[in-house]
Amino acid sequence: MQTDKIPFWLKIFIGLVFGVIAGICFHPDRNFISEETASTFLPWLRFPGDVFLNLLQMIMIPLVIASVALGVSSLSNLSDLYKLGTRVFLYFIITTILSISIGISLALLVKPGNKINQAEVSLSKIDKDISKSEKKEPIPKIIADIIPNNVVKAIAEKQMLSLVVFGIFLGIFFLSADSIKVAPLRNLLLSIEGFSIWVVEQAMKIAPFAVFGLMAFALTQIGVALLTGLFYYVLTVLVGLFLVLLMYVLFAYLFGNRKPIQFLNEIREIQILGFSTSSSSSVLPFSLKIAKEKMKIREKIADFVLPLGATVNMDGTALYQGVATIFLSQVYQIDFSIMELILLVFTVTGASIGTAATPGVGIVILGSILHSFHIPIEGIAILFGVDRFLDMCRTSVNLSGDLTATVIMDHWWKD
């Protein structure tokens, strides 16, 4: 069979399967290769994945700024920007609250924390980044800091929400300023967006190899055996994520006029890439390409909703943080009142909106949530063994949520 006749999603899936097999074979417990050989070989195993991610991350920030600015400027006027922005933001808040509620309800029903013997819990040294997350700032300052006081610094530190705001200001400038002043900068952003899409097309040529390498390397680090020790916790999170995905399919059908099978077929490549990379922002360039070319979403909707969604729409992460908090409260035998559960919903909503779309950061944000509810922060050590796998799963759901939002907004928004 000629490779160019194999569907792209199938190539990605094949890479995923072979990556899982290779990861299991090369795990240190298998003694398939020596430790010395593994230290030399494993970085090469991950090499195509690193190249793939670097290509996408290379154009991630300029693409976000360009897409948001052009998306805003393509609206008819500032009134349209306010209406669309309000609808999108309210939609993100509602789905986030629903996702957290699903996670908390499942955790209270299954009680995964009660399945772990507290005497067997190993409270090892916690990542230093978690202690940093305990430092809290006043809410007004947090809101004010969303507006970047130094754009170069925001770019260097990948402060995606600040860059989205910067892009919105550029778009407003394009809408309100004289066309002579606007044209040169707008044309520059059009060229940047075109270049970014071209880089995406080149990166997609090595995507199946990247998925293979990333999956293989991840499993050599995680180990399948580690999943069994936290089976009920992992199962609770996975069932919750599946229910959120079903919610998306239902919403896309009811509010976006997309048949379930059609919708799942359209987003499957993004789901697999998200699962492999654990980064919503890294996959954003390909999400934009799929939305515009495959799903036929209008450019101004995709350019506005997807970059914003990759920054603030973290339903999978929100569900995970809700389940993890209840799980650890059960491990440490800390009961939640009804009011505390309601407060937990809103706390996790705020935390998930501010979560960076990069691998592993969710567990760092979880530290601040645990601290807020007086749950021993060292309990995060219990979750380290399975967090990487769950990070991959929740990223896939996060990306599905972003594309669901574009479908709904594209259907609702009338030119």
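His374 sits in the loop between α17 (361-372) and α18 (380-412). Its phi is positive, about 60°, although His374 is not a glycine. His374 counts as exposed, at 68% relative accessibility; exposed means over 50% relative accessible area, buried under 20%, and partly exposed in between, with a 1.4 Å probe and protein chains only. This is a predicted model, in which local features need pLDDT of at least 70, side-chain atom pairs count only at pLDDT 80 or more, and totals for chains, interfaces and linings use all residues. Residues are numbered from 1 along each chain as its sequence is written, and side-chain values use heavy atoms, with hydrogens and water left out.

**Overall make-up**

- The protein chain has 18 helices and zero strands. Both are DSSP runs numbered from the N terminus: helices are H or I with at least four residues, strands are E with at least two.
- Of the 415 residues in the protein chain, 53% are buried.
- The accessible surface of the chain is about 19200 Å². Carbon and sulfur atoms hold 66% of that surface. Accessible areas come from the Shrake-Rupley method with a 1.4 Å probe, and for residues only the protein chains shown count as cover.
- Take the contacts between residues at least 6 apart in sequence: 84% of them join residues at least 24 apart. Contact means heavy atoms within 4.5 Å.

**Helices α11 and α12**

- Helix α11 covers residues 231-256, and helix α12 covers residues 260-277.
- Their axes come within 10 Å and cross at roughly 130°. Axes are lines fitted to C-alpha atoms, for helices over the stretch in contact, and angles run from 0 to 180 degrees between N-to-C directions.
- α11 and α12 are therefore oblique to each other. Angles under 35 degrees count as roughly parallel, over 145 as roughly antiparallel, 65 to 115 as roughly perpendicular, and the rest as oblique.
- The crossing of α11 past α12 is right-handed. Right-handed means that the near helix is turned clockwise from the far one by less than a right angle; anticlockwise makes the crossing left-handed.
- From α11, the contact uses Leu245, Tyr248, Val249, Ala252 and Tyr253. From α12, Pro260, Phe263, Leu264 and Gln271 take part.
- By class, the contact of α11 with α12 has eight nonpolar residues, one polar and no charged. Ala, Val, Leu, Ile, Met, Phe, Trp, Tyr, Cys and Pro count as nonpolar, Asp, Glu, Lys and Arg as charged, and the others, Gly among them, as polar.
- Asn257 is in the loop between α11 and α12. Its phi is near 60°, a positive value in a residue other than glycine. Asn257 counts as exposed, at 56% relative accessibility.

**Helices α8 and α13**

- Helix α8 (residues 179-204) packs against helix α13 (residues 280-294) at an angle of about 95°. The two axes are 9 Å apart.
- α8 and α13 are therefore roughly perpendicular to each other.
- α8 brings Glu193, Val200, Glu201 and Met204 to the contact. α13 brings Pro285, Phe286, Lys289 and Lys292.
- By class, the contact of α8 with α13 has four nonpolar residues, no polar and four charged.
- Ile192 is also found in helix α8. At 24% relative accessibility, Ile192 is partly exposed.
- Leaving aside neighbours within four places in sequence, Ile192 is in contact with Pro62 and Ala66.

**Buried positions in other helices**

- Gly23 lies in helix α1 (residues 8-25). Gly23 is buried, with a relative accessible area of 0%.
- Gly23 is in contact with Ala216, Leu219 and Thr220, neighbours within four places in sequence left aside. Gly23 and Leu219 are 196 residues apart along the chain, and their C-alpha atoms are separated by 4.7 Å.
- Ser99 is in helix α3 (residues 78-110). Ser99 is buried, at a relative accessible area of 0%.
- Beyond its neighbours within four places in sequence, Ser99 is in contact with Val244, Met247, Asp315 and Leu319.
- Gly367 is in helix α17. Gly367 is buried, and its relative accessible area is 0%.
- The C-alpha atoms of Gly367 and Thr325 are separated by 9.4 Å, and these residues are 42 apart along the chain.
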